[in-house]
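Reader: Please take me through the helix contacts of this protein, and set each value against the definition behind its label.

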Amino acid sequence: MSDYKSTKPSQIVSHLRREGLIRPLAGEPRFLSEEHDLIESELSRYGDSLVRQYAIPAGLSERWNSVFDGLARFVAFTHQTYWEKIYGTGLTADVCNAVFGQNLRIELYRPRSTRRRIMLMGHGGSGRAGIGDRIRQLTVECLVRANQMGDPKGVSRSVRLSTGHDEIATDIFGGRRHGTTEQVAGCLSDCNASVLFLDEALQMPDNLLPRFLAALNTETSGYMTQQNQPSNLHLITGVQGEFERETHEQTSVVRALFENLCRDGLIEIPNLSALVDNLDQWLRIFGLVYQNVARGYCGLPSVSLHQYSSRQDAFRPDGVPADVLGDEQKSFMGWIADSVRVDRIARCAWLSFQDYDWSGNIRELEALIRSLINVQVSGPLDLTAIEDQCQRFLRRGQRLHEPSSRESSWLLNFDSALDSLPLTDDALPRVMSQVEATYFRLAAERAAKARHPGHARLQDVARLLGIPRQTAARKWKQYGLPPSLLSTDLD
């Protein structure tokens, strides 16, 4: 076996992306015929070269072509989606490796009865629903329909468990609705020989977990197995990012269930808080989300992380010519998403949300940006309105620390060390004045950055310090602070 060769889906994904070998999606505008023919020939050439490189037997060429075609289509989709732009290409590679296997040569020889168990882990609002549904669709197209690892005509569903109602057992396993004669096929049997995306899978009541495990594990025996026919389906499950194998209070059933559900891949969606450690990262993420929200706001097609099926239809009111609507949409996007405007809004929001706990959470950032678009009116950008909206939004959510117990981070940013607190009363006013003047300088710097390229005002400084404007003006004059502090050069 020393000459055994293997290739990973992620390697093919990287090459397809690097070379631009991506197919237009069904229902999307297609390339000009010459360009499309060139892409088709390049894809075919690359696929054939891999057949020779990895010595794919002739009898498996059809199966290989279907896998390769599925990877190409998936790359074509993710190349233009929202999630890859935010989370990076690594998440796409993880998805492909989970769906197609870590080694494609082994994958071609696996029995067609093999069923995938893939887990998608992410905080609420991180896009778990949209990404999970896209994995489900990819699995249906490539494993079930193309490679016949299932029933091509079988039902495929995306289900989010509603753990608060009494019918959850019926939703999963089927049976008779409480108080009615309605006989329901649970999602496990409904998607038999096909694909199911089951979100919040580990949130079901503890008494149902052994039954769920028995339904998935074909090797178990006993009472639970007799009560459930083992589920013959590809299963993608979604779980909250808070679930941790080491710290979670787990029973043996929960541990076994967790290992069963992520047997073929555990895909973790990064937390938003881990992606915005500094201003540059914040500006990049904010700009991407802002553009996506603005597109949906004016009716342009957009890809949402949070809705099953992922794609929104373009809004087109009756009686309005397409060219008129297109001109209006283009004009709106040119104004609302101007790069200078978005940069100033992003910097203003950064000052308000530096100590905010975002958890997952792209959805909450989308809601914030939608509210910021709502308060903008035609004409010059009013950053005061933007800041006020940020503060109202901030009061709804959760800070990293309570204001009363949080130490000020400003002291960590002082350029020079402060004098030690003196033991003599006559020196104390001098030290307090130095501290207060330093706070005024930092507040002026923050206000100037938020107002850039315009000039900040004393009322901006007063608002940041939480004091009346008259007091700020008196202190400013008392400490001899120059007006240039209100127009700090950010370049």
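Author: Angles under 35 degrees count as roughly parallel, over 145 as roughly antiparallel, 65 to 115 as roughly perpendicular and the rest as oblique. The model is predicted, local features need pLDDT of at least 70, side-chain atom pairs count only at pLDDT 80 or more, and totals for chains, interfaces and linings use all residues. Residues are numbered from 1 along each chain as its sequence is written, and side-chain values use heavy atoms, without hydrogens or water.

Reader: What makes α3 and α7 roughly antiparallel?

Author: The axes of helix α3 (residues 61-78) and helix α7 (residues 128-146) cross at roughly 160° and come within 9 Å, where axes are lines fitted to C-alpha atoms, for helices over the stretch in contact, and angles run from 0 to 180 degrees between N-to-C directions. That angle is over 145, and therefore α3 and α7 are roughly antiparallel to each other. Helices here are DSSP runs of H or I with at least four residues, strands are runs of E with at least two, and both are numbered from the N terminus.

Reader: Which residues make this contact, and how do they divide by class?

Author: With contact meaning heavy atoms within 4.5 Å, Ser 66, Gly 70, Phe 74 and Phe 77 of α3 meet Arg 134, Leu 138, Cys 142 and Ala 146 of α7. They divide into 5 nonpolar, 2 polar and 1 charged, given that Ala, Val, Leu, Ile, Met, Phe, Trp, Tyr, Cys and Pro count as nonpolar, Asp, Glu, Lys and Arg as charged, and the others, Gly among them, as polar.

Reader: Why is α5 called oblique to α7?

Author: Helix α5 (residues 89-100) packs on α7 at an angle of about 40°, with the axes 11 Å apart, and this angle makes α5 oblique to α7. On the α5 side the contact includes Leu 91 and Val 95, and on the α7 side Ile 131 and Leu 138 are among the partners. The residues of this contact comprise 9 nonpolar, 1 polar and no charged.

Reader: What is the relation of α16 to α19?

Author: Helix α16 (residues 339-353) and helix α19 (residues 428-451) have axes that come within 8 Å and cross at roughly 150°, and they are therefore roughly antiparallel to each other. Arg 344, Arg 347, Cys 348 and Leu 351 in α16 meet Arg 446, Lys 449, Ala 450 and Arg 451 in α19, a contact of 3 nonpolar, no polar and 5 charged residues.

Reader: Why is the pair of Glu 200 and Arg 128 called a salt bridge?

Author: Their side chains meet at 3.3 Å, N to O, and the term asks for a side-chain nitrogen of Lys or Arg within 4 Å of a carboxyl oxygen of Asp or Glu. The pair links distant parts of the chain, 72 residues apart, with Glu 200 in the loop between β5 and α10 (209-216) and Arg 128 in helix α7. The structure holds 16 salt bridges.

Reader: Where is confidence lowest, and where is it highest?

Author: On pLDDT, the predictor's confidence in each residue from 0 to 100, helix α11 (residues 223-227) is lowest at a mean of 45, while strand β5 (residues 195-199) is highest at 93. The mean pLDDT of the protein is 79, and 80% of its residues reach 70 or more.
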